[in-house]
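Please look at how the chains of this assembly meet, and read the briefing below alongside the sequence and the model.

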Amino acid sequence: LQELSVLVSGDSSRWGRGAVSRVITLTTDFGYGDSYVAAMKGVILGINPQAAIVDISHSIEPQNIAQAAYVLSTAWSYFPQGTIHVVIVDPGVGSARRAVVLETPKALFVSPDNGLLTLVMKDLCPPGDRPDSSEDERPLPSGARAVAITNPRYWNHPVSPTFHGRDIFAPIAAHLSLNTPIDEFGEVVDTLRLLPIPQLALGSKGETIGHVLHIDHFGNVITDIRRENLRSLDVVIEIGGRQVRGLSSCYTDRDDLLALVGSSDHLEIAYRCGSAAATIGAKVGDEVIVRSCADG
Amino acid sequence: LQELSVLVSGDSSRWGRGAVSRVITLTTDFGYGDSYVAAMKGVILGINPQAAIVDISHSIEPQNIAQAAYVLSTAWSYFPQGTIHVVIVDPGVGSARRAVVLETPKALFVSPDNGLLTLVMKDLCPPGDRPDSSEDERPLPSGARAVAITNPRYWNHPVSPTFHGRDIFAPIAAHLSLNTPIDEFGEVVDTLRLLPIPQLALGSKGETIGHVLHIDHFGNVITDIRRENLRSLDVVIEIGGRQVRGLSSCYTDRDDLLALVGSSDHLEIAYRCGSAAATIGAKVGDEVIVRSCADG
Amino acid sequence: LQELSVLVSGDSSRWGRGAVSRVITLTTDFGYGDSYVAAMKGVILGINPQAAIVDISHSIEPQNIAQAAYVLSTAWSYFPQGTIHVVIVDPGVGSARRAVVLETPKALFVSPDNGLLTLVMKDLCPPGDRPDSSEDERPLPSGARAVAITNPRYWNHPVSPTFHGRDIFAPIAAHLSLNTPIDEFGEVVDTLRLLPIPQLALGSKGETIGHVLHIDHFGNVITDIRRENLRSLDVVIEIGGRQVRGLSSCYTDRDDLLALVGSSDHLEIAYRCGSAAATIGAKVGDEVIVRSCADG
């Protein structure tokens, strides 16, 4: 009988029923002025009245998949084991674009397969085998499983062609939180789509060349250069014609522009007295150069 | 004894104690910068610690009753049976304006009686007997009951004349979620106030003339023309001097302005690459004309 | 054995285990566009899956400690007994600034010790012994206890020097909601830091001189003059070169600027047809003068 139960629940049984979280997070570009987010929450609570729904953000810039991928990447790992993350920036809703459920040892993800899970995939790959800017698709790393969402049994009918969040993603997330195995939602897929991830380059004088990844609410300029990419603390950072020398440990370290490794392990330019982004005139995609002083 | 209990709990007994939801939604024009919404949540949780409170929206334009009525109408039916919807846009707070609890077979509503429930009422009426623009009050449709909120027993005292959300509506919603029958809150009323609902007109050449009802976060232009008002898919839509030909099924259908029936069954003008409202210069109330190509 | 349990749980035992609320509120300047707030919620739910987390506001102006102190002061007392309020506006994060847990008979507070709890402290002091503008630190009033947050045992490691909200305040709030006594988090402290609180002045003709404390979402101008400071209802209020005569009881009382005692017992200038702040050109800190007509 025990064996049967293992067979019935499929690979998902490795969570154990108790290990699936009732926590469902939402990350969308739906904004706060309409009822789109609320309709999703209503659908979820109708299926699992015990679900604990947490907003990550709904002010992703409309259709900005890369921004959603970044914001998700800085939050998901802080949630309890088995949390279900619904991520929707979906310019292709209603078209033939694929939607997926991704199951990893730590969390579940429900989203269109349009690159939203790029940074989750990157984190799941071993350091020596991470996706680069030339890849737009990648096999699932070891330990992860995914299905395409094709089985209409769990959807909210009639399905609006313009609002899969309410009619497909929300009910699937709710059923996941009730421990429905992912195989119920569609057939297994082996790859997920990736956004091109700009790679760090090495300049002719040994400098590291990266980019602005995100500008946060405080105007902190967050780059794609990570702690592990910094060979020393004795660096000069160039961005937008400005130079910042050395790494600080906190925002009060000086009254001018300063650089530090922020709370998601990314090199970040900040300004104690205001917005570093406004001071520099920085925007997402701008080049950031880090020279080690040891390189002369 | 059983009969007695039915008598005591009145019509509310048809829910049965288990059928009342612990879900309470909030729709207000209170914004996100003050503590008004939080104070309401604190009061609710003090009365029912198990309440699950969901924000529909708090960025209704200050005192825009029609906008709140629309946003509510697109969300409430997606919530579980017995959900309690608190809706507050209340320019008359503290004056003699009436406040009500409305009980319907699917949901409960708590709000000032100033037209906020117009579209809920419209949905409750049979298609042949819906309110038109000349009505500013209407008898409750069959299956619905309402009371005026007059019994101070359940209020938070002292009641601030400027914040009934915290001192009257929040505690009543919390007590409703504990299954207190609506008769406890005041005397039965037979009518609710309505906002004028602009009616669709029929032009001299058979065209349908409607209006812009709402502009959403993406700039989608949502009209008061519904799926049932479209006699064919072969239509030309005129708005703000622009013409859109044919109905699309999703936002990616073309790279120009397009029209489709959106997720709330309303005809909607969208623009894949940006805001249709900005492209057209559309605003709420603007005229929208739909010509059937069959009409020549 | 019973005595032992009292000893173990320390003074916190006066709550009784059942009296600690599972409600945790968050007030920050983190905004809604990043994942900072969500990461805190993930950490809390990982420690106490039953926590009920309520946002007070996350749109406090970056680094505006006084604004956060005000917004908190208008909300916290409406939450259930034993609610845990996390308040973070923390320009000094990562520096030597102290962080504290404050325990009062009604609620618990977790925050940097930078003045955020000034108005909570003021409310705890007896009317005759309230802090004035010259105090920047004050002994804890009777019935309150506080500890400095120094014991790393309950923190989320590694602690980011720039995000104590996620790595220190969130886990401590979660453990408090599980009834961990505050003594666990660090050593007892006897004083908390205060912001200067502007005092009401008495003019040469008996008039009361106060200030604009806050401008709310509706443009209502909220002052630091409270109900108890008004000697009569027959007053003339001067602000920004405008005069308002008499006190109204609600916003519909007249179609011009009006004054009333608002929902937090503060004198407030409002404008039925729009924003009083915009009409007057008022901003936080502006002088407000109240003359009693009896003073001639």
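Across the interface of chain C and chain A, 12 residue pairs are in polar contact, both residues being at pLDDT 80 or more; a polar contact is a pair of N or O atoms within 3.5 Å, where within protein one must be able to donate a hydrogen and the other to accept it, and residues adjacent in sequence count only if both atoms are side-chain atoms. This is a predicted model, in which local features need pLDDT of at least 70 and side-chain atom pairs count only at pLDDT 80 or more, while totals for chains, interfaces and linings use all residues. Residues are numbered from 1 along each chain as its sequence is written, chains are lettered from A in the order in which they are written, and side-chain values use heavy atoms, with hydrogens and water left out.

**Chain C with chain A**
- On the side of chain C that touches chain A, helix α2 (residues 36-47) gives the most, with 8 residues, helices being DSSP runs of H or I with at least four residues.
- Contact, meaning heavy atoms within 4.5 Å, links 30 residues of chain C to 28 residues of chain A.
- The count of salt bridges here is 0, a salt bridge being a side-chain nitrogen of Lys or Arg within 4 Å of a carboxyl oxygen of Asp or Glu.

**Chain B with chain A**
- The contact takes 28 residues from chain B and 30 residues from chain A.
- Between chain B and chain A, the rule finds 12 residue pairs in polar contact and 0 salt bridges.

Definitions and conventions:
Helices (H or I, at least four residues) and strands (E, at least two) are DSSP runs, numbered from the N terminus.
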